[in-house]
Amino acid sequence: MAERPRTTHRVSRLAAACAALVATTLAAGPPAASAGPLPCLAPTSATLNDEGAVLKWQLATYRVTTRSNFWSVVATRGSQGWDSDIALFGPDGCLLGESRQGDFIPADWVAFDNNSGRLPVGAYATRVLSHSGNTNPVKYNVQFVAGGRTLSTSTPAVDQPIGASYLDWTVDIRDVYLSNTATYTFTATGGFSSLHLLGSSATDPATWARTRGTAVASASTPFYDLDRPQTVTLTFRPAQSGWYGALFVRDGWWGAPVTVRVAAA
């Protein structure tokens, strides 16, 4: 298992200036939701902490802050027929990625990579949007997970719980180091809906934020009943060695405890 890199990210002068401009808008209310192109410089109206899924009744743009070199994720899931979408903005205030899945499930999420040579650690903004065609009153869960935990091939599943830090959760994420000389099998068991592996390249900024459609590998559970423990197996051989994100998604309100085992061959 490789050691976590200890690095300090440098933000360009332009990015720092944009970030300062974003900071001046923190007291502003959220802009109206739009299905069209999203602008740079998204004003934030509230802070979203890493504390699990939070139920909301108003559209808003939230400030989130990362503090270490890991993958992190923002996510939303609609409730009672209302369909929420999500967008992520970088420290420069410009769009990094967005997810506009149809229907109130599956959950919409954008994961982003703060590992060495990727996005800088610091303040980001995430905006919850109304999906086209909504008629029900606004009601959704929104969650931010600041990366900081890893998976290991030498650790048993019972010692690698997912979502255990939260009362309610929609997503949880772990960094896992994968070598291009091995094939890995992820075996996850419990009340969850899907598992996604996320990868990025230091030379391609377009890969530093990922959505469901750009995961390098995915697997879903066969049943929606999350109180019934289910097992998903995902096998993957990486083309390049490095720190990948393992993202777990729960489309329901609750479910059986989740654990994961990673084996290399």
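Strands are DSSP runs (E, at least two residues), numbered from the N terminus, and two strands pair if DSSP finds at least two bridges between them. The views below show a predicted model, in which local features need pLDDT of at least 70, side-chain atom pairs count only at pLDDT 80 or more, and totals for chains, interfaces and linings use all residues. Side-chain values use heavy atoms, with hydrogens and water left out, and residues are numbered from 1 along each chain as its sequence is written.

**View A. The open sheet containing β1 and β6.** Five strands with mixed pairing lie in the order β1-β3-β8-β5-β6. At its edges are β1 (46-47) and β6 (95-99), each of which pairs on one side only.

**View B. The pairing of β5 with β6.** Four bridges link β5 (residues 84-89) to β6 in the antiparallel sense. Opposite Phe-89 stands Leu-95 of β6.

**View D. The pairing of β12 with β18.** Strands β12 (residues 171-178) and β18 (residues 242-249) run antiparallel and are joined by eight bridges. Val-171 has Val-249 in β18 as its bridge partner.

**View E. Confidence along the chain.** The predictor's confidence in each residue, pLDDT, runs from 0 to 100. Its mean over the chain is 86, and 84% of the residues reach 70 or more. Residues 5-36 have pLDDT below 50, and this stretch has 51 contacts in the model beyond near neighbours in sequence, a contact being heavy atoms within 4.5 Å. Where pLDDT is low, the predicted coordinates should not be read in detail.
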